[in-house]
Number of protein chains: 2
Amino acid sequence: VKNTFKKIGILGGGQLGKMLCIAAAPWHLDIAILENDADCAAAPYATRHIMGDFRNFDDVLQFGRTVEILTIEIEAVNVAALRQLEAEGIIVHPRPDVLAIIQDKSLQKQFYQKHYLPTADFQCFTDKKSLQSAFYSDQIRLPFVWKSAQGGYDGKGVQVLKTAVQIGHLPDVACVIEQKIVIAKELAVMVARRPSGEIAVYDVVEMQFDDRANLLDIQVCPADISPDLAAAAKALAIQTIEAFDVCGLLAIEMFLTTSGELLINEVAPRPHNSAHHTIEAAETSQFEQLLRAVQDLPLGSIRTRLPSVMFNVLGTIGYTGEAHLVGLEHIMACEGAHLHLYGKKITKPYRKMGHLTLTAPLAHLALERALILKKEVRVMSYEL
Amino acid sequence: VKNTFKKIGILGGGQLGKMLCIAAAPWHLDIAILENDADCAAAPYATRHIMGDFRNFDDVLQFGRTVEILTIEIEAVNVAALRQLEAEGIIVHPRPDVLAIIQDKSLQKQFYQKHYLPTADFQCFTDKKSLQSAFYSDQIRLPFVWKSAQGGYDGKGVQVLKTAVQIGHLPDVACVIEQKIVIAKELAVMVARRPSGEIAVYDVVEMQFDDRANLLDIQVCPADISPDLAAAAKALAIQTIEAFDVCGLLAIEMFLTTSGELLINEVAPRPHNSAHHTIEAAETSQFEQLLRAVQDLPLGSIRTRLPSVMFNVLGTIGYTGEAHLVGLEHIMACEGAHLHLYGKKITKPYRKMGHLTLTAPLAHLALERALILKKEVRVMSYEL
């Protein structure tokens, strides 16, 4: 069926790209991915897989010219090429200017400040030397959070510094320093927006992090917070997506401080790990929602079907090599457990191999089942 | 991730094969299809698409040898090849012997009789002549339902006969004659069974047919019947799948007579149009359930999430040519509407181009919305 659906291109072909392709399949959408890895997660499910580097100007330009709408599953893409494509009439979501801001943590923090969006106090430094001189002149105090301005992803490029010696070991790059705040909870809100202005906000989720690997550990939806606080978090999410003037998705990670304040930690203008539960636990998944938003189609219902708990299936510590899943029978036998694997052939400690979403009529049931499964599910290799 | 999942092959690559591939995608399953049409619905979503004829002995044999488990999305496959593959150690579900019975309506009816499964009274004839002589010797009376023993699909090969002249126009093939019964409702039950014996039965659905095209018109889940009757229909479904000793899926279409009797109309040992709603309206879709069952993995929860109404998106009368969907905005704006398109490029009157499932907190809401959408959604072509 030829229809009013548009040809969509995605920069990146990882698990987020894969789940976008699956969401596009019921509509038989034409969906192309640009990704250098022939074995990437999205490859088997995209209509077309173009080998190329989404960081490369020419690759992105050439790819973008073959589609009607271009979007991303990773921020680290070539923004100059996106600007060029936009000038040529290709629809690009999110806006290249916003990507440029979000790619740089200094610009991102300054954006919040400029738009009166609450965020932890910060200082920006262009190199290590200026950071050190600020430290030795007492303008910043330990402990503090150091964030590389560029290229942070999944906890890489973020360090909590407690001693002066650690400062000496930092790489010489532009960075943002935040005073360490006391966090009561980490929350996330996924919000969608289409060019016509319609906005849809999913229920607030609560995240707990595993300090060892600094990767999302377990995520609960809805968050165990008061209705007023949930409403405030959603309102902040709407304010943020409107300030960025982004169409598509915006995942907003927030801190709830012990004094009850909501502070924006960071945002991602794309599908996000913190909203994977929407595949089963919401009426419309974040992936389908993005496909609707970028085509300026009416957004789908964000209604939560059931409470849910999601955790990433990570490579088990001590195993590196050809991946092998242990615990499949347990997963399949568990009421409301939904397994997602990303098709990665090689496991290593803490590598994101997939995720598991547990839905249940009551949140505590989902949590209990998740914690049991989390112990039973392992990604190992035959070699150590 | 290499895991305990098996390599699965599907005979047929139509919309049912497509939806099986989509269900397999979150697990990153290796799923191959055998289908002669390069543009078939499943092609973009299968790990491998082998061009070949599922009716041909050699094609099926060669294809089957490349997988660990073989299943079907259409009954009209080469049974001899499946028997051979089974002898070679390939796991085949449903059993080839059952396929041979179900492919032949005479054998199917005799099977019900032999196993005390309730079905409308019938007589079998090997050719037209024997049917005519039975009619002229008053052994059968008008009106009656004539069914071709072989090759019926979607209403083709079924006729309601009212006059002797019509008998003269019948094709000269083996057939089954049923006395016309007075139907209160048409029901369907989908049941899944795995080799270990575990069975899962979905809620009973109610179907209404469109007499013009003899294709499923609208389907409501759960059926508007008493709990006792629903329990009886489910029990009959379990009795039937156990009698056939089938693993995988069995869709059982039933008549509820005006006297309150349940009669089996026909069965399909595969995913079925009457259970498409399970994608959104049940915790586990019929497609994922089949993938679990054939691998002898624990079956998923059949819990109904919400009441639903499903209808097929058919080619609009009067249009033949390159298909064009009208009403996309309406669908997307409708709460709980889920569109599925099968990727067929050419439309013709009544061709199954896709389906739409409406979920809602109350069945009557889903029905109201479905009836509105049914009027607004059209598959047309620019040419007439």
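**Exercise 1.** Determine which residues of α3(A) and α4(A) meet, and how the two helices are oriented.

Solution. Begin with the contact, taken as heavy atoms within 4.5 Å: Val79(A), Leu82(A), Arg83(A) and Glu86(A) of α3(A) meet Pro96(A), Asp97(A), Leu99(A), Ala100(A) and Gln103(A) of α4(A). The helices themselves are DSSP runs (H or I, at least four residues), as strands are (E, at least two), numbered from the N terminus. The model is predicted, so that local features need pLDDT of at least 70 and side-chain atom pairs count only at pLDDT 80 or more, whereas totals for chains, interfaces and linings use all residues. Residues are numbered from 1 along each chain as its sequence is written, chains are lettered from A and ligands numbered from 1 in the order in which they are written, and side-chain values use heavy atoms, with hydrogens and water left out.

Next, take the geometry: the axes of α3(A) and α4(A), the latter spanning residues 96-103, come within 9 Å and cross at roughly 170°. That makes the two helices roughly antiparallel, a label for angles over 145 degrees, while under 35 counts as roughly parallel, 65 to 115 as roughly perpendicular and the rest as oblique. Here axes are lines fitted to C-alpha atoms, for helices over the stretch in contact, and angles run from 0 to 180 degrees between N-to-C directions.

Finally, sort the contact residues of α3(A) with α4(A) by class, which gives five nonpolar, one polar and three charged. In this scheme Ala, Val, Leu, Ile, Met, Phe, Trp, Tyr, Cys and Pro count as nonpolar, Asp, Glu, Lys and Arg as charged, and the others, Gly among them, as polar.

**Exercise 2.** Describe how α2(A) packs against α3(A), giving angle, distance and the residues involved.

Solution. The axes of α2(A) (residues 57-64) and α3(A) (residues 79-87) lie 8 Å apart at an angle of about 30°, and the pair is therefore roughly parallel. On the α2(A) side the contact is made by Phe57(A), Val60(A), Leu61(A) and Gly64(A), and on the α3(A) side by Ala80(A), Ala81(A), Leu82(A), Gln84(A) and Leu85(A). Sorted by class, the contact of α2(A) with α3(A) holds seven nonpolar, two polar and no charged residues.

**Exercise 3.** In what order do the four strands of the open sheet in chain B stand, and which strands stand at the edges?

Solution. The order is β6-β9-β7-β8 (chain B), with antiparallel pairing, where two strands pair if DSSP finds at least two bridges between them. At the edges stand β6 (122-125) and β8 (158-161) of chain B, each with a single partner strand, so one side of each has no neighbour in the sheet. From one strand to the next the twist averages 20°. Four bridges join β6(B) to β9(B), residues 175-179, and Cys124(B) has Val176(B) as its bridge partner in β9(B).

**Exercise 4.** Work out how chain B is related to chain A.

Solution. The superposition is by least squares on the C-alpha atoms of residues with pLDDT of at least 70 in both. Within chain B, Tyr45(B) comes closest to the rotation axis, at 2.7 Å (C-alpha).
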